[in-house]
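Student: Could you walk me through this model and show me how to read its features? I'd like the general idea each time, then the case here.

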Amino acid sequence: MKIKDVTNYIEELAPLAYAEDFDNVGLLVGNYQTKVKGVLVTLDTLEETVDEAIAKNCNLIISFHPIIFSGLKKLNGNSYVEKAVLKAIKNDIAIYATHTALDNSNKGVSAKICEVLGLQNTKVLIPKKGIVKKLTTYIPKDYLEKVRKALFEAKAGNIGNYDHCSFTNIGEGTFKGNENSNPVLGKKGELQKEEEIQLAITFEQKNEAAILEALFENHPYEEVAYEITTTENVHQNIGMGMIGELEKPLEEKDFLVYLKKTMQTDCVRYSNLLHKKIHRVAVLGGSGSFAISNAIKEKADAYVSADFKYHDFFKAENKILLADIGHYESEQFTKRLLVDYLTKKFSNFAIVLSEKSTNPIYYI
């Protein structure tokens, strides 16, 4: 089993196309063709994490946060990032990071928080834009169904909760091949007029390569005319954060106590109490102040996230209860999520949950 086999499976859960543009996800250190001895799953890759991987005979670290976030201009061990990367390279240990790719998965970080809190009827809080694309191509009438079927099989035509979505329009295509052409219809050097069907079909960005391969393999023309555009559609099943409902509404202070205990945190910072019961709860793992307005818009009674600054708490505006449970605490169950996911697939090498806490924040 090679690293590529493991990462391909992870990317079924958290495709790299889901990651935010600012992020650095994927294989950060190592070679995809390296054989896997064991996998260590962690939130952060520090020098001590690499030591743990060495001790447990793991040559692949699956990390939530990327140890290399911005570019490295030097590798001389002067920072905690350089020390971790150098030790990994010296010991032939690969490092792979999922970060916002897993954040945007509807079975990822926020979904795990919902599971831990027992939230029901969940949905994505901020559906993601920019990943629903549209393919437009032109097909001879008699070949339409063959090409369309192949594109559907390659997962084109999916949008939200619908599949097999397409649109057709009848028109006339013209073309004339030169002496080096080999036209399927008509003759080289002669102008050909052909009844063609314009086919428009939506797809998720992650499936683009497979869809284009299906198009080229099944389209009869030697030269396939096509265009790909990014739509304004959001994908309601992909995006940041989630929102759901508690089985039974709780008084605010009871909810905060429940939150502290269930999320295993030593500190919950919260906004002004509104003296109403908490039923509808929005969550987002990691730094989530940017989504406060989204939680209010979705009529959440409470919003659970981390890294709220002083002025962020004013954004509650007596409309919502904000609860900051800590960055590490909001993402800590992600390790178990990944271990459980990988264990279902791979049994011929160890999938190890890191025993070390990489939380840099302590409370007194």
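Tutor: Let's start with touching: contact means heavy atoms within 4.5 Å. By that rule, leaving out residues up to four places away in sequence, Thr265 touches Lys260, Ile325 and Glu329. Bear in mind that this is a predicted model, where local features need pLDDT of at least 70, side-chain atom pairs count only at pLDDT 80 or more, and totals for chains, interfaces and linings use all residues. Residues are numbered from 1 along each chain as its sequence is written, and side-chain values use heavy atoms, with hydrogens and water left out.

Student: Where is the place of Thr265?

Tutor: Helices (H or I, at least four residues) and strands (E, at least two) are DSSP runs, numbered from the N terminus. Thr265 sits in the loop between helix H8 (252-262) and strand S11 (269-270).

Student: Does Thr265 count as buried or exposed?

Tutor: Buried means under 20% relative accessible area, exposed over 50%, and partly exposed in between, using a 1.4 Å probe and protein chains only. Thr265 counts as buried because its relative accessibility is 4%.

Student: What does the side chain of Thr265 reach?

Tutor: A polar contact is a pair of N or O atoms within 3.5 Å; within protein, one must be able to donate a hydrogen and the other to accept it, and residues adjacent in sequence count only if both atoms are side-chain atoms. Here the Thr265 side chain reaches the backbone oxygen of Cys267 at 3.0 Å.

Student: On to sheets. What is the strand order in the open sheet of six strands?

Tutor: Strands of a sheet pair through backbone hydrogen bonds, either parallel or antiparallel. Two strands pair if DSSP finds at least two bridges between them. The order here is S5-S10-S12-S13-S14-S11, with mixed pairing. S5 and S11 are the edge strands, each pairing on one side only. S12 and S13 run parallel, joined by four bridges, and Val283 stands opposite Val304 in S13.

Student: Which strands does H5 touch as it packs on the sheet?

Tutor: For angles, axes are lines fitted to C-alpha atoms, for helices over the stretch in contact, and the values run from 0 to 180 degrees between N-to-C directions. H5 touches S5, strand S10 (234-250) and S12, and its direction makes about 140° with that of S12. H8 lies across S10, S11, S12, S13 and strand S14 (321-324), at about 115° to S10.

Student: How many residues of H5 are buried?

Tutor: Seven of the nine residues in H5 (residues 109-117) are buried, among them Lys112, Ile113 and Leu117. Next comes Gly118, with a positive phi near 75°.

Student: How many salt bridges does a search of the whole structure find?

Tutor: A salt bridge is a side-chain nitrogen of Lys or Arg within 4 Å of a carboxyl oxygen of Asp or Glu. The search finds 17. One of them joins Lys128 and Glu20 at 2.9 Å, N to O. That pair links distant parts of the chain, 108 residues apart: Lys128 is in strand S5 (residues 120-129), Glu20 in the loop between helix H1 (3-13) and strand S1 (26-29). Lys128 counts as buried at 11% relative accessibility, while Glu20, at 22%, is partly exposed.

Student: Which residues are linked in a network of salt bridges?

Tutor: Lys123, Glu245, Arg280 and Glu298. Within it, the closest N and O atoms of Arg280 and Glu298 are 3.9 Å apart. Arg280 lies in strand S12 (residues 278-287) and Glu298 in the loop between helix H9 (292-297) and strand S13 (302-306), so the pair ties together parts 18 residues apart in sequence.
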